[in-house]
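Please look over the sequence and the model below.

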Amino acid sequence: MRDGAKIFAASLPRLAGGLWLGGVLILSAGIAAAANIDSQDFAQIERGHYLAIVGDCAACHTLPGSGQDLAGGRVIETPFGALIAPNITPDPLTGIGAWTDQEFINSVTKGTGRNGTHLYPAMPYNYYTKVTRGDALAIRAYLNTVPAVQNTVEPNQLPFPLDIRASMLVWNRLFFTPGTFRPDPNKSAQWNRGAYLTEGLGHCGACHTPKNFLGGDKTGERLRGYALQGWFAPDITGDRRRGVGGWSVDEIATYLKTGHNRTGAATGLMSETVGNSTSHMSDADLKAIAVYLKDQPGRNDQEHESPVASSDSIMKIGRNIYADACAGCHTSDGKGIAGLFPALDNSSILQQNDPTSLLHVVLRGARGVATQEAPTGAAMPQFGWLLNDDQVAAVLTYIRNSWGNAAPAVGAGDVAKARHAFVERSD
C-alpha cells in the first residue's frame with residue numbers, strides 16, 4: 001500500500017511557490033505511518049490537494065526560497081503590524097501533526113487553534129467558515145501527506161495590546177459570522193459553485209473588500225477594491241466601468257488562468273495568486289467564479305466620472321510623455337499588443353478611484369506572472385528614476401482620461417507620497 005501511496009503522490013503536479021504539484025512528492029515511511037496513509041482515501045487526498053490550491057495555502061505558509069513547503073515563516077503584513085505564518089506540515093512538535101481533525105476544522109472555520117487559542121484574521125477564517133466539513137477534512141488529509149518539517153514559528157509579532165489574543169473575542173463579535181455556505185435556490189448551480197469558491201476558500205474579499213479602522217470588512221462595499229501592501233486590489237464587482245462587468249466570462253476566466261487578457265495583466269500580489277492558485281484551477285471552476293463576480297452589485301453604474309478635459313495643461317504634458325515613453329508598447333491609440341502589453345482603452349484597472357497600483361507600476365516597474373499557458377510574463381520598466389513627480393502625475397492623469405477612460409486626476413503629492421512609502425517598505 002505504501003508503494004501505491006508513492007504512485008499516487010508522483011501523479012500530483014507541482015505548484016510554483018511551494019505546493020507539490022507536477023513532480024514527485026516523496027513520502028517517507030515515517031511520515032506515511034504517522035499520517036495513517038494506509039487507511040486514507042487517495043481520492044480524498046487528491047481533492048484536498050486541489051482545495052489547498054484553491055485556498056492558496058502555500059502563499060502564506062511557505063517561505064519563498066526556503067525549500068520547506070508549508071513549514072511557515074513567511075511574514076504577513078497587516079495594518080496593525082506583522083504576523084508570521086505558522087508551520088502546517090504534519091510535524092507533531094512544531095506543525096499540526098498532533099492536532100485532532102476537529103481542532104484543524106476549528107482553526108479553518110472558526111478561528112480557534114489548538115486548545116481554543118484565538119487566531120488573527122490574517123488567517124481568513126471569516127471566509128473559510130463557509131467551507132464544508134467534508135472539504136476541510138479533505139484538506140487535512142492532503143496536509144497529512146506532505147513532508148513533515150520541524151520548524152518552530154512564533155506567529156504573533158504584534159505590539160501590545162494587540163498581541164493579546166483574547167481581544168479577538170470582541171473582533172469576532174463585531175465582524176465574524178460563522179456558518180457553512182448555503183446555496184441560493186434562485187441561482188444556477190454554476191453561480192452557486194462560483195459563490196462557494198469566491199466567498200469561501202478563494203477568500204477574494206480578504207484583499208478586494210474595503211476595511212474599516214479595526215480591519216473588519218465594510219460589507220456594504222463588498223469586492224469594490226482595497227489598498228494593501230503597496231498595491232490596490234481593484235473592484236471585481238459587476239460594475240462595468242470600474243469592475244469586471246465589462247469583461248466577458250471567458251475574459252475573466254482567461255485572466256485567472258493565464259494572468260492576462262486584453263486589458264489586464266496580473267502583477268504584484270495578484271500575480272502570486274494566479275501563479276500559485278488560479279492558474280491551476282479547473283476551467284469549470286474559473287468560469288463559475290466569473291459568473292458569480294459579474295453578478296455582484298457595484299457602485300451605481302449611472303455615476304459617471306467626468307474626464308479631465310483634454311485641453312487641460314496636465315493632459316497636454318501627459319500626452320507628450322505618453323508618446324515618448326509609453327506608446328512604443330501600449331500603442332498611440334492605447335490598444336496595446338495582444339498577449340504582451342495590456343490595452344489601456346476603456347480599462348477598468350485604470351479607472352479605479354485609487355491609483356496606488358498604477359503609481360507602483362510606473363515608479364517601480366512590474367513583471368507579469370508566468371503561467372503554463374503564458375510562460376513569459378511581460379515586463380513594465382520602472383520610470384521613477386526618469387520622471388519627476390509632476391511628470392508621473394501628468395502621464396497617469398492622461399491615460400486615466402483618454403480612450404474612453406474617466407478617473408480623478410493624479411496629483412504630484414500622490415506621487416511623492418507613493419515614493420516615500422516605497423522607500424519605507426524597502427528599509
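In this predicted model, a polar atom of the His 330 side chain lies 3.0 Å from the backbone oxygen of Pro 342. His 330 belongs to helix H15, which spans residues 327-330. With a relative accessible area of 13%, His 330 is buried, because the cut-off for that class is under 20%. Beyond neighbours within four places in sequence, His 330 is in contact with Tyr 322, Lys 335, Gly 336, Phe 341, Pro 342, Leu 344 and Met 380.

Helix H8 (residues 168-175) has Met 168, Trp 171 and Asn 172 as its buried residues. These residues lie on the same side of H8, because they cover an arc of only 100° around the axis. Val 170, Arg 173 and Leu 174, on the other side of H8, are exposed. Helix H6 (125-128) is included in what covers the buried residues of H8.

Two packed helices are described by the angle between their axes and the distance between the axes. For helix H14 (residues 313-325) and helix H17 (residues 389-399), the angle is about 90° and the axes are 7 Å apart. H14 is therefore roughly perpendicular to H17. On the H14 side, the contact is made by Ile 314, Met 315, Ile 317, Gly 318, Arg 319, Ile 321 and Tyr 322. H17 contributes Gln 391, Ala 393, Ala 394, Val 395, Thr 397, Tyr 398 and Ile 399. By class, this contact of H14 with H17 has 10 nonpolar, three polar and one charged residues.

Technical notes. Residues are numbered from 1 along each chain as its sequence is written. This is a predicted model: local features need pLDDT of at least 70, side-chain atom pairs count only at pLDDT 80 or more; totals for chains, interfaces and linings use all residues. Side-chain values use heavy atoms; hydrogens and water are left out. Axes are lines fitted to C-alpha atoms, for helices over the stretch in contact, and angles run from 0 to 180 degrees between N-to-C directions. Helices (H or I, at least four residues) and strands (E, at least two) are DSSP runs, numbered from the N terminus. Angles under 35 degrees count as roughly parallel, over 145 as roughly antiparallel, 65 to 115 as roughly perpendicular and the rest as oblique. Contact means heavy atoms within 4.5 Å. Ala, Val, Leu, Ile, Met, Phe, Trp, Tyr, Cys and Pro count as nonpolar, Asp, Glu, Lys and Arg as charged, and the others, Gly among them, as polar. Buried means under 20% relative accessible area, exposed over 50%, partly exposed in between (1.4 Å probe, protein chains only). The arc is that of the directions from the helix axis to the C-beta atoms. A polar contact is a pair of N or O atoms within 3.5 Å; within protein, one must be able to donate a hydrogen and the other to accept it, and residues adjacent in sequence count only if both atoms are side-chain atoms.
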